[in-house]
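Visitor: I would like to learn how to read a model of this kind, one feature at a time. Could you give me the general idea first and then the case at hand?

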Amino acid sequence: MNPLIDGMNLVAKEGPIVNQRNGVLILSRTSGAFQQLEEASIPISPADMVETAEALYKALTLSPEERRQKAELARQIVEHHDLKTWIAQQVRDISFIIAK
């Protein structure tokens, strides 16, 4: 996923859930999902073509075990940070603001 800027990139989160071949996520540092998926992805800058090419090469040449680990980590992160988690965090944040 390579957006210049994006508040929440759902495709980057959908991919790990449906991934059946240990595909590796290459993710722009400016995507909304990057903060959560940084460790499970290969990061890129959206306008840097050389870095993007290097990331693609890296993803294609990772060992099967490294691919499996990144894919599994991405899947676990997305499954853990589901809609219920997001709503609960919003309620906590609003309660904190109101309590001030």
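**Reading burial, contacts and confidence**

Guide: Let us begin with burial, where the cut-off is under 20% relative accessible area. Ser28 has a relative accessibility of 0% and therefore counts as buried; please keep in mind that the model is predicted.

Visitor: In which element does Ser28 lie, and with which side chain does the side chain of Ser28 make a polar contact?

Guide: Ser28 belongs to strand S1, which covers residues 25–28, and its side chain makes a polar contact with the side chain of Thr30 at 2.8 Å.

Visitor: What does the secondary structure of the protein come to, and in what order do the elements run?

Guide: There are five helices and two strands in the protein, and read from the N terminus the order is α-β-α-β-α-α-α.

Visitor: How should I read confidence here, and which elements have the lowest and the highest mean pLDDT?

Guide: Confidence is read per residue on a scale from 0 to 100. The protein averages a pLDDT of 90, with 92% of the residues scoring at least 70. Among the elements, helix H1 (residues 10–18) has the lowest mean, 89, while helix H3 (residues 49–61) has the highest, 97.

Visitor: Is Leu37 buried or exposed, and which residues does Leu37 touch beyond those up to four places away in sequence?

Guide: Leu37, found in helix H2 (residues 34–37), is buried because its relative accessible area is 0%, under the 20% cut-off. Once residues up to four places away in sequence are set aside, Leu37 touches Ala12, Lys13, Leu25, Leu27, Ala74, Ile77 and Val78.

Visitor: Where do Asn19 and Asn22 lie, and is each of them buried or partly exposed?

Guide: Both Asn19 and Asn22 lie in the loop between H1 and S1. Asn19 has a relative accessible area of 17% and is therefore buried, whereas Asn22, at 26%, is partly exposed. A polar atom of the Asn19 side chain lies 3.1 Å from the backbone nitrogen of Arg21, and, leaving aside neighbours within four places in sequence, Asn19 is in contact with Ala71 and Arg75. For Asn22 the backbone deserves a look, with phi near 55°, a positive value in a residue other than glycine.

Visitor: Which values describe the protein as a whole?

Guide: Along its principal axes the C-alpha trace spans about 50 × 30 × 20 Å, and buried residues make up 30% of the 100 residues. Of the contacts between residues at least 6 apart in sequence, 56% join residues at least 24 apart. The accessible surface comes to about 7000 Å², and 61% of that area belongs to carbon and sulfur atoms.

Notes:
Residues are numbered from 1 along each chain as its sequence is written. This is a predicted model: local features need pLDDT of at least 70, side-chain atom pairs count only at pLDDT 80 or more; totals for chains, interfaces and linings use all residues. Side-chain values use heavy atoms; hydrogens and water are left out. Helices (H or I, at least four residues) and strands (E, at least two) are DSSP runs, numbered from the N terminus. Buried means under 20% relative accessible area, exposed over 50%, partly exposed in between (1.4 Å probe, protein chains only). A polar contact is a pair of N or O atoms within 3.5 Å; within protein, one must be able to donate a hydrogen and the other to accept it, and residues adjacent in sequence count only if both atoms are side-chain atoms. Contact means heavy atoms within 4.5 Å. Accessible areas come from the Shrake-Rupley method with a 1.4 Å probe; for residues, only the protein chains shown count as cover. pLDDT is the predictor's confidence in each residue, from 0 to 100.
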